[in-house]
Amino acid sequence: MRMDLTLNGRPAQWEAAPGATLLAVLRDEGLVAAKRGCETGDCGACTVLLDGQPVNSCVVAAARAHGHRVTTLEGLADDPLMRRLQDALVEHAGVQCGYCSPGMLVSLYHLLRACRAEGTRPGDHAIREALSGNLCRCTGYVKPVAAAAAVAAALAGIPATGTEAR
Amino acid sequence: MWDLKEYRIAGSPGEAVAMMRRGPGKGVYIAGGTDLFLFPPQCDYAVDINHAGLGAIARTPDGDVFVGAAATLHHIATNPFVTGYAGGLLAQAAAHCGNRPVRSTATLGGNLCNALPSADLAPALLALDAVCYIVDEDSQESLPLEDFFEGPRRTVLGDRLLAGIALPAAGAGWRAAARRLTRSAEDIALVQVAVALSVADGRLGAVRIALGSVAPVPMRAMLAEAQLEGEAVADLSPDRLADAGLIAASECDPIDDHRASAAYRRQMVGVLTRRLLAGLLAEQPRNDDQGSAA
Ligand SMILES: Cc1cc2nc3c(=O)[nH]c(=O)nc-3n(C[C@H](O)[C@H](O)[C@H](O)COP(=O)(O)OP(=O)(O)OC[C@H]3O[C@@H](n4cnc5c(N)ncnc54)[C@H](O)[C@@H]3O)c2cc1C
Ligand code: FES
Ligand code: FES
């Protein structure tokens, strides 16, 4: 079936099988930041934003994108908030094999972007809740949480200019 | 890969039912898809209800809280009408489902229409006297949620659509609490108990005890409820609450499986019911405690 959507801030057309998942189509389109992990909605390696909300793209129909906004890690690559999160994850040694990292970054980006808009600062509980759908089999969670807390502490100074801001 | 021939997007509830009946072949409604993509059924087409105007949560003029079938679990967990109704029991049940990204897409309708004995919204909704609204092509029917489930993965729907549920205005001020036992945080429940009650002038008004994962369908322990309704709170000794728990345990019909034995589940129904009742009775009276009759 044919779909018209906004993909990473730009209009896009997809031709996809009616039963395809969002993850399958993204990867066929060459957007491979979202990973195939469990494909059962448990691990979060496939996390992307659908209309600004984090979703597990392995359990979402591609057809849901028709008329909607899909944002992947690729689309956030130049966003100052995402860059800070990426740097912080590396600085805090929150990355080992990296398979979970794209999903974690999208989840954390969603949380911190909302907090910046509200003018709030998330505590560890909110950060852990945001990461509740992201499993990491290497690093664990202490370092990614510390990385997010470090970015959260400097949130007000990070400009909102990315794809999702438009 | 789900081998669908067609994905239909319905613009209204009536259109969804018409699309379901149009054929050719077999169809299935899809909302969040968080269940369907895990266990894709053999069928020819899916009818998407996310654009059918069923995503809203609203307070009706009568004071009921209406939750549309396509409302997401995240929406339910955070909506002020739901968090403010009966101690936020339903909001908490929604917040405990799955993980944050799953709750962005998983819906109320999918949770109930799956009709799993362990569906996490069911005990909370049963304890709150939820009424379901079912739509046909050009008619509507409402019935108590107790009558909605027919067996594991079986409901009264047939090819009709669940439009949503209403939480009656009368229960808005009820005290309510729930417990859910699992092996690990993300595993499906072994036992779920939800209790809601009203207190007026030192007496219990309505009492609702709802159980999940301990019978073929989510259920109410009506004999235990009847033991308590109308009783003076001062007369409810720990022994009487324990007795109510034992009665609830006798009403359920659990099975042995790899998660837990039937005997353990039954015993936990008694323990959790007693503890929840005791906790709710110990709550300080609130302004919004309402003396609505059972
Ligand atoms: C990782 C993960 C964790 C989960 N954790 C939990 C949990 O903790 N607790 C829990 O209870 N569940 C859990 N689930 C199961 C599932 O996500 C929920 O039950 C969810 O609410 C289903 O909603 P959905 O909209 O995604 O359903 P869908 O997959 O879209 O539909 C499920 C079924 O309901 C039917 N249906 C949907 N809406 C309607 C309607 N309005 N009228 C008629 N039929 C309809 C569909 O045809 C289908 O048969 C989890 C799932 C995943 C993937
Ligand atoms: S691949 Fe989607 S949640 Fe694991
Ligand atoms: S770094 Fe390997 S899974 Fe997280």
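This is a predicted model: local features need pLDDT of at least 70, side-chain atom pairs count only at pLDDT 80 or more; totals for chains, interfaces and linings use all residues.
A polar contact is a pair of N or O atoms within 3.5 Å; within protein, one must be able to donate a hydrogen and the other to accept it, and residues adjacent in sequence count only if both atoms are side-chain atoms. Side-chain values use heavy atoms, leaving out hydrogens and water.

Ligand 1 sits between chains A and B. Around ligand 1 are 33 residues (a heavy atom within 4 Å).

| Side chain | Distance to an oxygen atom of ligand 1 |
|---|---|
| B:Thr34 | 2.6 Å |
| B:Asn111 | 2.9 Å |
| B:Arg180 | 3.5 Å |

Taken alone, ligand 1 exposes 980 Å², and the protein buries 90% of that (Shrake-Rupley method, 1.4 Å probe).

Now for the two chains themselves. Their contact (heavy atoms within 4.5 Å) takes 25 residues from chain A and 24 residues from chain B. Together the chains bury about 1,900 Å², with 62% of it on carbon and sulfur atoms; this buried area is the accessible area (1.4 Å probe) that two parts lose on being put together, summed over both. On the chain A side, A:Pro18, A:Val59 and A:Arg64 supply 29% of the area buried against chain B, more than any other three residues.

The count between the chains is 1 salt bridge (a side-chain nitrogen of Lys or Arg within 4 Å of a carboxyl oxygen of Asp or Glu). The side chains of A:Glu129 and B:Arg103 meet in a salt bridge, at 2.6 Å from N to O.

Methods: Residues are numbered from 1 along each chain as its sequence is written. Chains are lettered from A and ligands numbered from 1 in the order in which they are written.
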